Each structure stands twice: as C-alpha cells, then as structure tokens.
Amino acid sequence: MVAEATEETLTREGGVREHVVGAGIGCPGSIDRSRRLVRTTSNLGWVDYPIRGQIANVLQLPTVLDNDANCATYAEWWRGAGRGLEHLVGITVGTGIGGGVMLGGKIMRGASGSAGEVGHTTIDFNGRRCSCGNYGCLEAYASGPSIAVRARRGLEAGCKSVLTELVDGDLDRISAALIYKALMLEDKYAHEVMLEIAKLLGIGIANIINTLNPDVVVVVGGVVGAGEHLFETIRSEAQRRSFRSAFETCDIVPGELPETAGIIGAAGIFISEIFEQL
Ligand SMILES: [Zn+2]
C-alpha cells in the first residue's frame, strides 16, 4: 500500500522517484524514538509497532517517525499560524485530542517522548473513562466522538434539535461534523453543546498557558469547523483561569493548515533532522 501510494503521488504531482530523499511519518500515540517504535496507541491498539522500519524497508529511504500531534504543531510553527514565534503549543482535536509543544523553536519531547499529551490531562477527577484507561481526561469530553456522545445523550433525554432530522431519527449517526453543520444552521441545541465543549477546551488551554506561558496556542483539527463562536468561548474561559500576564501574551487561534498540517509537519521534521545530521 505504501509503495502504491508513493507511486500514485509521484504520478499525480509529476515527481521523479530519484528526487524523493526520504519519508516523514506522523503517527498517533506514544512514540519511542530511540527504538523507532510506536510504543502504544490507544485508538489503534498497537503495542511496540515497528511502523518506521516497515515503511523504510518498502521505500528503501531514510525515514523519520514522530507523533502526529508533534507533526501538526511543527507544521503550524513552520508554515502556519505560529510562523516566527518561539513558544507554541498545538492541540489537535479529532478522533482523539493530541498536543505538541515547541519551546525556543524546538519540539519538546520530554524524558520518554510523551510530552504534550494535552488530551490526557485530567479536567474532572471523578469523570468519564477515557480510551487511555484513566478517568476524566479532556479527550473523554472534547474529542470528536466524545462531542457526538454528549449530543446524543441530550437528544435521547428529549432535547430538540435539527440534528434529529439530519440523521433521519437514527441518533447513532450523529457525528461531530454534523453538530458543526447544525451550528451553522443556528441550531440552539448544537450551540449549547459546543458552548460546553469550548469551555472544557478553555480549561485545558488555561492549564497549558499557566504551565508553559506560550506565545500562541494553535487549535487544529475538525473542531475548528465549529467556527469563531467556539474560539470566543475558549478564549474567555481560558482568560478566567489563566495568569493575566500569561494570557495577555498568548493568542489562541485556529490552525492555518486544515487537513495538511500532519503531512507538512512530518516532512518538516524529516528535513530538520536530516539537516541536523549533516
Ligand atoms: Zn486519557
């Protein structure tokens, strides 16, 4: 599949195989960069999975592996909303919630490569079970699937919304994307759900601001589709809970590279590491 995708991309872009110098891989989960493995990934169920070696074998080229949220964060710093800034935190909100931290223009990976797991910081110590096994993580409330669960429960309890029509009464078909669509249709219930989610994201971001004092927090992923409304609430909740000086120097903005941040970042990290080795 990797070989076919490479050939397809070269054909589509008019590229030449000899000009491809290597590959960058962005993968969800905890990455062991010294052993070049995906240590664990709760959403895919992999344990010590050697994806870098497998892809390098197929391509016969130098290959670099990093966490997908680190890739998206690097991309927003390199080519997106955080260009030219020193201290940036990226939060990816999609199937899960990931995060990446860049301090002084470098990715901060931490002692075991797990830094930046914003989605698994606790926002409710008695909270819902998360895919990581913990309880009350931000991801258990504000990831795409968690937003859908929140909306579905309200509708099952009798709340009225255009969402019920959008799924022809089959509430299992409700997704975060449909909730953003209902929001654009000025649906009051979708607005209420997203207001709650935005507050929770604001709490998570306030924790980041008080811990790391970044220049910018860039929110990436499908949730950006909920629009500027979402960001107004995120900012006001983060402001309420952050140190004033830290909040005033920190922008909270949507990413500028929808759909492509992970890919651009994987390429950027590959380039930066190859140049560091030269
Ligand atoms: Zn968790």
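Here is a walk through this predicted model, from its zinc site to its strands and one of its helices. Because the model is predicted, local features need pLDDT of at least 70 and side-chain atom pairs count only at pLDDT 80 or more, while totals for chains, interfaces and linings use all residues. Residues are numbered from 1 along each chain as its sequence is written, and side-chain values use heavy atoms, with hydrogens and water left out.

Let's begin at the metal. The zinc ion is held by His120 (ND1), Cys130 (SG), Cys132 (SG) and Cys137 (SG), at 2.0 to 2.4 Å; donors here are N, O and S atoms within 2.8 Å of the metal (3.2 Å for Na, K and Ca), and sites may look incomplete since water is not among the atoms. Angles among the four donor atoms run from 104 to 123°, making the site tetrahedral (four donors with all angles between 85 and 135 degrees). Along the sequence, the donor residues follow the spacing H-x9-C-x1-C-x4-C. His120 is partly exposed at 23% relative accessibility, whereas Cys137 is buried at 0%. Buried means under 20% relative accessible area, exposed over 50%, and partly exposed in between, with a 1.4 Å probe and protein chains only.

Now to the strands. Strands (E, at least two residues) and helices (H or I, at least four) are DSSP runs numbered from the N terminus, and two strands pair if DSSP finds at least two bridges between them. β1 pairs with β5 (residues 63-67) in the parallel sense over five bridges, and Gly26 stands opposite Asp66.

Strand β7 (residues 97-103) has six of its seven residues buried, so it is largely enclosed by the rest of the structure. Six bridges join β7 to the antiparallel β6 (residues 88-93), in a hairpin with three residues between the strands. On its other pairing, β7 meets β8 in the antiparallel sense over two bridges, and Gly104 in that hairpin takes a positive phi near 60°.

Finally, look at helix α9 (residues 228-241). Leu230, Phe231, Thr233, Ile234, Glu237 and Ala238 are buried there.

Note on methods:
Four donors count as tetrahedral if all angles lie between 85 and 135 degrees; four count as square planar and six as octahedral if opposite donors are over 155 degrees apart and all others between 65 and 115; anything else is irregular.
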